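Dear colleague,

Please find the structure for your review below. My notes on it come directly after.

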Amino acid sequence: MPYLMKDDPQVARIIQDEESRVENTLNLIAAENHAPRSVLEAQGSIFSLKAAEGFPGNRFHAGCRHADALESLAVSRAKDLYGADHANVQPHSGVSANLAVYFSVLDVGERILSMKLSHGGHLSHGDAASMTSRCFNFQHYGLNLKTEQIDYDELENLAKAFEPRMIVAGASSYPRLIDYERVAEIAQSVSALLLVDMAHIAGLVAARVIPSPVPHADFVTFTTYKTLRAGRGGIILCKQKYADRINRSIFPGGQGTPSLNLIAAKAVCFHLALADDFVQLQKDTLINASCFAAEFERLGYRMVSGGTENHLVLIDLRSKGLTGALAEETLESVGIIVNRNVIPADPERPEVSSGIRIGSPAITTRGMLEPEVRQIARMMDSAMSNIENAQILKQVAREVQDLCKQFPIKK
Ligand SMILES: *Cc1c(COP(=O)(O)O)cnc(C)c1O
């Protein structure tokens, strides 16, 4: 970063510190990943500067020849990768993508049925703290508290009683697959549209290692920086008949000029996602998550829902006498980055929580496999069981450093 060093050494230093933090810690945040350097190069490219309101072939600024080529390529790659009729690659984020879908086909105040945040849903699915809840009339379905999996019968009953105009499926901390066929059937039976928000699992779906919602849903949204590892941003896929409404909802509806640099990164990622090594990466991501669940169970922890079918596990820490907040803080002190997470019917406040959410994407991208996963689980157990033993914590921190050195982040 020679120019940044010269113009603003203070910011340059903070960026270098962050690079070093990422290299020297184990990232188990289920919503994050390491992106290939090529994706970051595209994000930092000259396209950051181009104003290009509109869509390829129909812009409100001149000089868009290359912008058009880039966006058209990204759109056609997105459609091919996911087998979608239409793709809009302009959303700045997952939340922007969801807002655009709601406003494309619904009037303010109309009814939407979605999963509740405290059971694994997302803020932008109508949580009281999100402005989405002030624009639309949301009701929420949840988990069966015995199985800790989606209660499809409850979902059906709520749909019949509430008669929503849209049903939203998709979650942020749900370790199970979602039965899209069943949800689509329920949506059809009450004439509701179906939006699937596959933010977390878009990479797994792209590699076809878990079922795709695309054939079953009217709209599919996702963020690009999670399992997909395409850097920041959002995408909307939809059936052809909604293509114009979705485009207008993004521009001029809810956004101005698109971030063409992010679109460049998305295009790169869609290209890389077709390669065999990406498919293998996503397979290993699933295997590693299952391995985490098995190993933590062996160490005496309870897995919410009894295990995992995707890239994350949710661990109930109550039997260990720990809160999520204390576990998160202790693990960060030894270089292991996780986030505290509410578990279903959590007795603690969300800021404290009784669980932690662990994701396998980033360590799998570093090349770690089952032996390393077992080692990490043991290190975590060691730290969480000895939160006041400075000597043991120091030992674990050293082991974390060694493992990071052994598996440098690939460029
Ligand atoms: C992460 C996530 C989002 C939000 O994406 P941003 O890019 O942070 O706006 C939306 N929906 C779900 C289900 C998510 O997990």
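The model is a predicted one: local features need pLDDT of at least 70, side-chain atom pairs count only at pLDDT 80 or more, and totals for chains, interfaces and linings use all residues. Residues are numbered from 1 along each chain as its sequence is written, and side-chain values use heavy atoms, with hydrogens and water left out.

Salt bridges

The structure holds 18 salt bridges, a salt bridge being a side-chain nitrogen of Lys or Arg within 4 Å of a carboxyl oxygen of Asp or Glu. One of them joins R21 to E18, with the closest N and O atoms 2.8 Å apart. Both residues belong to helix 2 (residues 9-23) and stand 3 residues apart, about one turn of the helix. Helices (H or I, at least four residues) and strands (E, at least two) are DSSP runs, numbered from the N terminus. R21 is partly exposed at a relative accessible area of 34%, and E18 is partly exposed at 37%. In these terms, buried means under 20% relative accessible area, exposed over 50%, and partly exposed in between (1.4 Å probe, protein chains only).

A further salt bridge, 3.4 Å from N to O, is formed by the side chains of R165 and E110. This pair links distant parts of the chain, 55 residues apart: R165 is in the loop between helix 7 (152-162) and strand 9 (166-169), and E110 is in the loop between helix 5 (94-105) and strand 5 (111-115). R165 is partly exposed, with a relative accessible area of 31%, and E110 also counts as partly exposed, at 22%.

The side chains of R378 and E295 meet in a salt bridge of 3.7 Å, N to O. Here too the pair links distant parts of the chain, with R378 in helix 15 (residues 370-385) and E295 in helix 12 (residues 276-298), 83 residues apart. R378 is partly exposed, with a relative accessible area of 42%, whereas E295 is buried, with a value of 6%.

Aromatic pairs

A search of the whole structure finds 8 aromatic pairs. Rings of Phe, Tyr and Trp (its six-membered ring) pair if their centres lie within 6.5 Å; planes under 30 degrees apart count as stacked, over 60 as edge-to-face and the rest as tilted. Y82 and F222 form a tilted pair, at 5.0 Å centre to centre and 55 degrees between the planes. The two lie 140 residues apart, Y82 in helix 4 (residues 65-82) and F222 in strand 11, and the pair links distant parts of the chain.

Y102 lies in helix 5 and F136 in the loop between helix 6 (132-135) and strand 6 (137-141), so the pair ties together parts that are 34 residues apart in sequence. Y102 is buried, with a relative accessible area of 0%, as is F136, at 4%. Y102 and F136 also belong to one aromatic cluster with F103 and F138.

Strand 11

T223 lies in strand 11 (residues 219-223) and is buried, with a relative accessible area of 4%. Leaving aside residues up to four places away in sequence, T223 touches G94, A199, A202, G233 and G234, where contact means heavy atoms within 4.5 Å.

Cavities

The structure holds 2 cavities of 30 Å³ or more. On a 1 Å grid over the protein atoms alone, a cavity is a set of points where a 1.4 Å probe fits but cannot get out, and lining residues have an atom within 4 Å of a point. Grid points are joined across faces, edges and corners, and a volume is the space filled by probe spheres set on the points.

The largest cavity holds about 170 Å³ of space. It is lined by 19 residues, of which R176, I178, Y180, I201 and N310 lie nearest its centre. The second largest cavity holds about 30 Å³, and its lining consists of P36, V39, L228, R229, C269, L272 and F278.

With kind regards

Technical notes: On a 1 Å grid over the protein atoms alone, a cavity is a set of points where a 1.4 Å probe fits but cannot get out, and a pocket is an open set with protein on both sides within 12 Å along at least five of seven lines; lining residues have an atom within 4 Å of a point.
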